[in-house]
Amino acid sequence: MPRLLNVMPFLRCAEIDSAIHFFTGLLGFELVFREGHFARVSRDAVTFLLMGEGEALPARGGFRYTSYVDVDDVEALFAELKPGLDRLPPGRVNPPCDMEYGQRDFSVLGPDGDWIGFGSPIRG
C-alpha cells in the first residue's frame, strides 16, 4: 500500500511578501519557490504553500486554526523562535502548554488570521 509522506497546507494570504517574511523571518522556514503571488516555504519535512490573493478569506470568529506541525522538541523550537515571537503584538502567541490530547504545544497567529500550532507528545 502506498505511504502518505507529507501534507502541504495552502494558506491564502492578503499580501504574499508579508506572509513570506512571517515564515522565513520569524519561524525559520526557507523560501523554496516563488512565482508571482505563489510561494512555497519549507523547514525540514514541513511545507506551506502560500497564495497571495490580495484579500484573505474572512476568518470565522476572527481567526482560523489551519495547520498543526508535529516537532520532536517543542520547547527547543519555542526557545529558538522566542526572540522573534516576542516582537509580535500581544495575543498573537500562545506559549507552550500541556493539552488534554497528550501534546505539549504552542501556536502563533499568522499575518492573515491563520493559527499555526507546533507540538510534541508530552514526555512522562
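Which residues line the largest cavity? The model examined here is a predicted one. In it, the lining of the largest cavity consists of Leu 11, Arg 12, Cys 13, Ala 19, Phe 22, Phe 23, Leu 50, Gly 110, Pro 111, Asp 112, Asp 114 and Ile 116. Two or more of the lining residues come from each of S1, H1 and strand S8 (114-121). By class, 8 of the lining residues are nonpolar, 1 is polar and 3 are charged. A search of the whole structure finds 1 cavity of 30 Å³ or more.

**The sheet and its helix**

An open sheet is built from 4 strands in the order S1-S4-S3-S2, with mixed pairing. Strand S1 (10-13) and S2 are the edge strands, each with a single partner strand, so one side of each has no neighbour in the sheet. On average, neighbouring strands of this sheet are turned by 20° against each other, direction ignored.

S1 and strand S4 (residues 46-52) run parallel and are joined by 4 bridges. Within this pairing, Leu 11 has Leu 50 in S4 as its bridge partner. Helix H1 (residues 16-26) packs on the sheet and touches S1, S2, S3 and S4; the direction of H1 makes about 160° with that of S4.

Strand S2 (residues 30-35) pairs with strand S3 (residues 38-43) in the antiparallel sense, over 5 bridges. Arg 34 has Ala 39 in S3 as its bridge partner. The hairpin of S2 and S3 has 2 residues between the strands, and Gly 36 there takes a positive phi near 60°.

**Cavity and pockets**

The table lists the volumes and the classes of the lining residues.

| Space | Volume | Lining by class |
|---|---|---|
| Largest cavity | about 50 Å³ | 8 nonpolar, 1 polar, 3 charged |
| Largest pocket | about 230 Å³ | 9 nonpolar, no polar, 5 charged |
| Second largest pocket | about 180 Å³ | 7 nonpolar, 3 polar, 1 charged |

The largest pocket has 14 lining residues, and those nearest its centre are Arg 43, Asp 44, Val 69, Val 71 and Leu 77. Strand S5 (64-70) and helix H2 (74-85) are the elements that give two or more residues to this lining.

The second largest pocket is lined by 11 residues, of which Val 7, Val 46, Tyr 68, Val 69 and Asp 70 are the closest to its centre. At least two residues of this lining are supplied by each of S4 and S5. S5 provides the largest share of the lining, 4 residues.

Technical notes
Residues numbered from 1 in each chain as written. Predicted model: local features only at pLDDT ≥ 70, side-chain atom pairs only at ≥ 80, totals over all residues. Heavy atoms only, no water. Pairing = 2+ DSSP bridges. Axes fitted to C-alpha atoms, helices over the stretch in contact; angles between N-to-C directions. Contact = heavy atoms within 4.5 Å. 1 Å grid on protein atoms, 1.4 Å probe; cavity = no way out; pocket = protein on both sides within 12 Å on 5 of 7 lines; lining within 4 Å. Points joined across faces, edges and corners; volume = space filled by probe spheres on them. Nonpolar A, V, L, I, M, F, W, Y, C, P; charged D, E, K, R; others polar.
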